[in-house]
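Please read the following report alongside the sequence and the coordinates. It starts from a single element and then widens to the whole chain.

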Amino acid sequence: MRIILKNNAEIDYLHFGSGKKLFVILPGICLLSVVNNDEIIQQIFDDFCKDYQVYLFTYNNNFLNSYSIEQMANDIAEAMRQLNIENAYIFGASQGGMIAQILAIQHKDLVKKVVLTSTLSKQNVVSAEVFNEWKRLSDLGDAIKLNQYAFSKIYSKDYLIRYKDAFNALEKMGTKDQLINFGKNAVACRNFNCFDQLNKITCPVFVIGSRKDSVTSIEGTLELIEALKCKYYIYDDYSHAVFDEDINFHKHLHQFFKE
């Protein structure tokens, strides 16, 4: 489904589940829109459907120039208000975790609790290098090279080997416009910095990260934990996409949301 914002921007979203509580998913940077895989997404989050109405938002990809994380968060906030979503449980992964931080800082009425996974509040050497390379490869217009590099950073070697055939098929995907938008999202991530505003977050926060995160790094995770003095869990294995690799990942969300 699609929301038209006041600035005429368009945001696509998925909605499923029949529960009374509201659960918002903010995914990470992605070359292909996740809303095109609605059946797969619903299967992945099926364990939330009984107790929650689940919303997954994409970000306005119809932008011509720059589009900051703060602008994305404000657009998501407007979309949530149009859908009468407030006091929601938020799960933000990677870029989605950056957006979730801004929601918790600037749109407190929309957020009941927030889980920040594989994300950061300001750049470090590891993240800046990755986002810069994503931008460079997207500018080259070579989807295969961009996907290969992105997969190598997002997933662990074991996971890439296990699903080799799927990744071989996916690495060929990506249109010219999708590459352009991916590069602009990479710039938004690279320029993101809300570290000095973290003290404005008043809702309960749970930070999840991995010591082998090759995108936002364990440094980004530890900085969030130290600044927020919040509950956390750190994986010793897996990589940036711990939310995909650990089949039991949802147990962290369920437990935190029920506390």
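In this predicted model, both faces of strand 7 are covered, since Val205, Val207 and Gly209 on one side and Phe206, Ile208 and Ser210 on the other are all buried, where buried stands for under 20% relative accessible area, exposed for over 50% and partly exposed for what lies in between, with a 1.4 Å probe and protein chains only. Six of the six residues of this strand, residues 205–210, are buried, so strand 7 is largely enclosed by the rest of the structure. Helices (H or I, at least four residues) and strands (E, at least two) are DSSP runs, numbered from the N terminus.

Residues are numbered from 1 along each chain as its sequence is written. Because the model is predicted, local features need pLDDT of at least 70 and side-chain atom pairs count only at pLDDT 80 or more, while totals for chains, interfaces and linings use all residues; side-chain values use heavy atoms, with hydrogens and water left out.

|---|---|---|

Strand 7, helix 9 (residues 217–228) and strand 8 make a right-handed β-α-β unit, right-handed meaning that, with the strands pointing away from the viewer, the path from the first strand over the helix to the second runs clockwise. The twelve residues of helix 9 should span 16 Å at 1.5 Å a residue, and the end C-alpha atoms are 17 Å apart, which agrees; the expected span is 1.5 Å times one less than the number of residues. Among the buried residues of helix 9 are Gly220, Thr221, Leu224 and Leu228, and the cover over its buried residues includes helix 3 (95–106), strand 6, helix 4 (125–140), strand 7 and strand 8, with contact meaning heavy atoms within 4.5 Å.

Turning to the whole protein, there are eleven helices and eight strands. The radius of gyration is 17 Å, close to the 18 Å that the globule rule gives for 259 residues, so the protein is as compact as a globular protein of that length; the radius is taken over C-alpha atoms, and the rule is 2.2 Å times the number of residues to the power 0.38. Of the 259 residues, 53% count as buried, and residues 24 or more positions apart account for 77% of the contacts with a separation of 6 or more.
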